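Here is a friendly note to read alongside the model. Please keep the sequence and the 3D view open as you go through the points.

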Amino acid sequence: MQWLDAIIQGVLLGGMYAQYALGMALMFGVMRIVNIAHGDVMILLSLIVISLAGVLPLGNIGLIVVIVPIAVLLGWVLQKFILNKVVGADPLPSLIATFGLSIALQNLMLEVWSADTRSLPNSGIASASFEIGGIYLGVLPVLVLMCAVVLTGGLDAVLRYSRFGRGLRAAAADTEAAAMTGVDPKRIYAIATAIAVAILGLAAVFAALRATVSPSDGSAQLIYAFEAVIIGGMGSLWGAFLGAMVLGVAQAIGLRIDPGLGILFGHLVFLAVLATRPEGIMARKK
Amino acid sequence: MTQPFQHARVVRATPSSRIAMSLCVIVLVGLVTMPWWASSGNIRWAIELSCYLAIAQMWNLLAGYAGLVSVGQQAFIGVAGYMLFVLAQNFGLNPFVAVILSLIAPAVLAVPTYLLLRRLDGPYFAIGTWVVAEAVRLTTSNIDYLNAGAGLTLRVMTQYSQHEREIAFVLLCALLLVATIGGSYWLLRSRVGLALTAMRDNPIAAASQGVNVGQLRFLIFVAAAVGTGFAGAIYYMAQLRITPAAGFDPFWASMSIFIVMVGGIGAIEGAIVGALIYFFADRLFGEYGSAYLIVLGLLTLIIALYARGGVWGLLKKLGDHPWFPVQRKLVLEDKR
């Protein structure tokens with residue numbers, strides 16, 4: 001029972017990681033860029049949400065409605081002024097540029113919000129829970145997981161069936177050939193980044209509701225998102241989702257064994273997947 | 001047609017490199033004699049600067065030549081430091097001998113790390129190295145033998161007088177600089193250096209010319225791990241204390257990236273210029289804490305966007321005066 005509980009809590013934790021991983025999978029799939037500041041952007045949005053909640057009498061839904069447009073704007077700025085300049089075959093410039101951005105963002109947040117941990121005022125939802133067969137489930141984590149499923153499914157459908165999705169897949173496969181057939185890669189990139197950061201905006205609200213955030217937390221979130229994407233298999237959204245579940249369960253089980261082992265277990269599972277199935281658990285056979 | 005020239009020879013040294021080489025000898029002699037003329041505060045600075053120079057040079061070799069961008073070099077700094085502390089403190093080995101023996105640890109860690117991560121694409125390789133470093137840090141903080149999160153203290157150093165310690169430190173630092181900077185220079189001038197330069201410019205073209213890119217990358221990764229670990233062992237021996245949070249601090253990676261990018265990636269001189277800039281900037285502005293780090297981060301961002309060659313790249317535009325020339329120049333002479 002104790003282990004079943006650990007697995008269920010792990011899956012719920014995985015819902016949170018899936019929201020971080022989705023944006024990363026999308027951006028890497030399209031632009032071959034890993035944004036090192038991915039986690040820091042999420043933390044920045046969380047801190048903005050917390051500050052907004054202090055001045056505006058908005059409910060949690062209201063906060064989401066406010067933060068997502070801010071996130072889209074942030075994504076657009078990120079794309080326009082940084083990422084568009086470093087997209088290319090050589091991964092070094094994009095890595096270094098976003099690494100510099102990550103350090104600058106982290107310390108900027110430290111200046112503005114100080115090193116204190118903060119969270120959104122508890123409106124009841126964060127501590128509400130219900131019981132199924134002797135296992136207690138938090139309402140909020142279940143909501144987060146459901147949200148992650150809907151987002152993954154929705155994004156997957158958009159990529160499969162919409163005009164934008166076709167353009168995006170074409171640009172990912174061969175940017176120049178796609179450009180010749182009338183796809184505008186810059187526009188595709190901008191939309192992909194905007195979507196990725198918008199998802200982070202949603203994740204930011206959940207993260208601030210669920211636990212505390214502090215300016216230096218971004219790196220850990222980046223690593224979890226990255227591990228989920230690799231465990232699942234690059235280029236697959238459902239893969240990233242599944243990878244997030246595996247990571248969450250690994251961490252929850254490690255945590256039950258010893259409180260110091262939770263995160264380490266996640267890393268070890270990641271390394272084990274890399275050693276035995278480097279193409280990821282969801283990748284199609286070649 | 002008569003022969004247009006009679007004699008051809010390959011020239012490698014330039015006037016600027018002769019001056020630089022003489023300066024290097026003077027600096028090394030100055031460093032080694034420091035215990036007899038400098039204050040212990042200055043010696044501490046010299047140790048720190050030597051470690052920065054070595055770590056940055058190793059990162060430059062990795063990212064600038066082998067195309068292996070790592071943000072996990074702190075793994076090798078930490079394991080070498082811990083190995084030194086265990087050998088000297090727990091096994092009672094002479095700490096100055098233990099420094100050399102502790103280089104086994106980064107080498108042993110580097111082999112499986114590379115074999116695991118080589119499958120990852122450029123940016124994913126980078127974050128992969130970070131995960132390995134985090135995994136090693138968390139493992140270390142869970143081992144009671146290593147005093148878990150509290151870290152170790154090098155109490156055995158008290159058996160040496162301060163003067164003795166300083167002599168040993170400056171000798172180790174000189175050895176470190178010769179091994180990392182001198183070693184990189186020697187490597188880049190050798191046959192392997194030609195292959196590395198070709199790989200830096202285009203790995204696929206280099207492979208088609210017969211360069212074994214995979215094997216070369218592996219060798220560079222292990223060599224850089226050992227060089228980085230050497231610096232780490234010296235650094236934490238001077239600190240007399242190591243904890244998982246400090247030894248495996250991701251800030252080591254940030255620092256290497258900053259130094260090499262600002263100085264100029266893909267050039268030995270670049271890493272040296274960058275290390276000097278970072279060292280003095282840290283002395284002058286370090287007290288501003290996070291504001292200073294915001295500037296460092298933005299500077300790295302701007303250089304990655306607009307001036308990939310860094311400061312050394314800008315200097316080179318003013319005139320080509322290499323300190324460590326790795327190219328070969330064919331000089332044709334008419335002896336008649």
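**Notes on the model**

1. Let's begin with α3(B): 19 of its 26 residues are buried, so this helix is largely enclosed by the rest of the structure. A residue is called buried if 20 or more other C-beta atoms lie within 10 Å of its own, exposed if 12 or fewer, and partly exposed in between, with C-beta atoms placed from the backbone. Helices (H or I, at least four residues) and strands (E, at least two) are DSSP runs, numbered from the N terminus.

2. Some housekeeping: this is a predicted model, in which local features need pLDDT of at least 70 and side-chain atom pairs count only at pLDDT 80 or more, while totals for chains, interfaces and linings use all residues. Residues are numbered from 1 along each chain as its sequence is written, and chains are lettered from A and ligands numbered from 1 in the order in which they are written.

3. Back to α3(B), which covers residues 40-65 of chain B. From its first C-alpha to its last it reaches 37 Å, close to the 38 Å expected at 1.5 Å a residue (the expected span is 1.5 Å times one less than the number of residues). Just after this helix, B:G67 takes a positive phi of about 70°.

4. Another is B:L240, in the loop between α11 (213-239) and β3 (241-242) of chain B. B:N147 counts as partly exposed, with 16 C-beta neighbours inside 10 Å, and B:L240 is also partly exposed, with 15.

5. Now turn to chain A, where helix α3 (residues 60-86) and helix α4 (residues 91-113) pack at an angle of about 150°, their axes 8 Å apart. Axes are lines fitted to C-alpha atoms, for helices over the stretch in contact, and angles run from 0 to 180 degrees between N-to-C directions. In this pair, A:I82, A:L83 and A:V86 of α3(A) meet A:P93, A:S94, A:A97 and A:L101 of α4(A) (contact means C-beta atoms, placed from the backbone, within 7 Å).

6. Finally, where is A:A25 found? A:A25 sits in helix α1 (residues 2-31) of chain A, and is buried, with 31 other C-beta atoms within 10 Å. Leaving out residues up to four places away in sequence, A:A25 touches A:V229, A:L237 and A:A240.

Notes:
Contact = placed C-beta atoms within 7 Å.
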